[in-house]
Amino acid sequence: MLVDSHCHLDRIELGPFGGGLAGVLDAAAANGVTRLLSVAVDLESWPALARLTEPYPQIALSVGVHPSEEGGRAPTVVELTALGRAPRVVAVGETGLDYYHGADRADRQRDWFRVHIAAARELGKPLIVHTRDAREDTLRILAEEGAAEVGGVLHCFTEDWAMAERALELNFHISFSGIVTFKNAKPIQDAARRVPAERLLVETDAPYLAPVPYRGKPNHPAWVRPVAEFVARLRGETLERIAAVTTANYLRLFGLRAEAA
Ligand code: NI
């Protein structure tokens with residue numbers, strides 16, 4: 001059994017899957033991917049995401065506003081905690097800092113990041129953190145706001161072992177996406193070799209960032225399998241072992257039971 005710990009099911013083009021989410025989930029299940037976390041990126045589309053995924057107990061949700069979102073409602077602790085109490089919501093995010101997309105909104109990004117951390121602490125739920133070109137500020141704000149109390153995951157990891165080590169100290173997990181399979185991803189691959197097994201996660205970030213050999217195509221959760229296979233080869237471990245540890249980590253971090261109900 002494999003878990004896609006980070007995807008955006010409401011952004012996947014459903015046409016190639018028979019027009020429904022069921023087709024996406026069938027393709028995933030055919031590859032052993034039977035649990036998924038569909039991550040929110042704004043508040044406006046959250047009710048539709050909740051409706052789309054409601055029939056499927058294997059799908060968990062988060063609530064949050066992506067740092068690169070331009071329009072839309074600003075997150076508040078009140079709104080995030082209200083939505084975050086829904087039983088299927090297991091995390092707060094994705095949040096974080098992206099100075100590659102939106103350096104001009106860095107102040108707002110930092111404010112929003114602090115709001116998410118406060119909401120996560122109030123809910124007692126972990127954080128899903130996106131970070132790009134913002135290493136020091138990300139680590140500093142996580143520390144200043146006491147994020148270690150709830151922990152979480154640095155998702156779609158694109159940094160190096162030095163950054164991973166500091167995130168691990170802050171009680172965070174490290175999640176690898178298709179980017180780890182890219183040829184030029186040597187520092188990311190090095191980190192994937194060294195992250196302790198009990199902090200390791202895998203994800204697709206679908207519909208983005210399809211892994212080799214599907215690079216450039218629209219991604220979907222079934223393709224967390226080639227990501228896991230690649231990480232297994234890097235670590236000299238079997239796919240079965242990587243599947244078992246990343247599944248156990250997912251269930252533990254997000255407070256889920258082994259049987260989706
Ligand atoms: Ni994402």
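How many disulfides does the count come to by this rule, a disulfide being a pair of cysteine sulfur atoms within 2.5 Å? The count comes to 0 disulfides, and the points below set out this and other features.

The model is a predicted one, in which local features need pLDDT of at least 70 and side-chain atom pairs count only at pLDDT 80 or more, while totals for chains, interfaces and linings use all residues. Residues are numbered from 1 along each chain as its sequence is written, and side-chain values use heavy atoms, with hydrogens and water left out.

1. Cysteines. With the count at 0 disulfides, Cys7 is in no disulfide, and the nearest cysteine sulfur, that of Cys156, is 13 Å away. Cys7 counts as buried at 0% relative accessibility, where buried means under 20% relative accessible area, exposed over 50% and partly exposed in between, with a 1.4 Å probe and protein chains only. Cys156 is likewise in no disulfide, and is buried with a relative accessible area of 10%.

2. Nickel site. The nickel ion is coordinated by His6 (NE2), His8 (NE2), Glu94 (OE) and Asp205 (OD), at 2.2 to 2.3 Å; donors are N, O and S atoms within 2.8 Å of the metal (3.2 Å for Na, K and Ca), and because water is not among the atoms, sites may look incomplete. The 4 donor atoms subtend angles of 82 to 174° around the nickel ion, which makes the arrangement irregular. Under the criteria used, four donors count as tetrahedral if all angles lie between 85 and 135 degrees, four count as square planar and six as octahedral if opposite donors are over 155 degrees apart and all others between 65 and 115, and anything else is irregular.

3. Donor positions. In sequence the donor residues are spaced H-x1-H-x85-E-x110-D. His6 lies in strand β1 (residues 2-7) and Glu94 in strand β4 (residues 89-98), so the pair ties together parts that are 88 residues apart in sequence; helices (H or I, at least four residues) and strands (E, at least two) are DSSP runs, numbered from the N terminus. His6 is buried, with a relative accessible area of 1%, and Glu94 counts as buried at 2%.

4. The peptide bond from Gly93 to Glu94 is cis, with omega near 15°. Asp205, found in the loop between β8 and α8, has a phi near 60°, a positive value in a residue other than glycine, and counts as buried at 8% relative accessibility.

5. Other backbone points. A cis peptide bond, with omega near 10°, runs from Ala206 to Pro207, and Pro207 is found in the loop between β8 (200-202) and α8. Asn171, in the loop between α6 and β7, has a positive phi of about 75° although it is not a glycine, and at 31% relative accessibility Asn171 counts as partly exposed.

Key: A disulfide is a pair of cysteine sulfur atoms within 2.5 Å.
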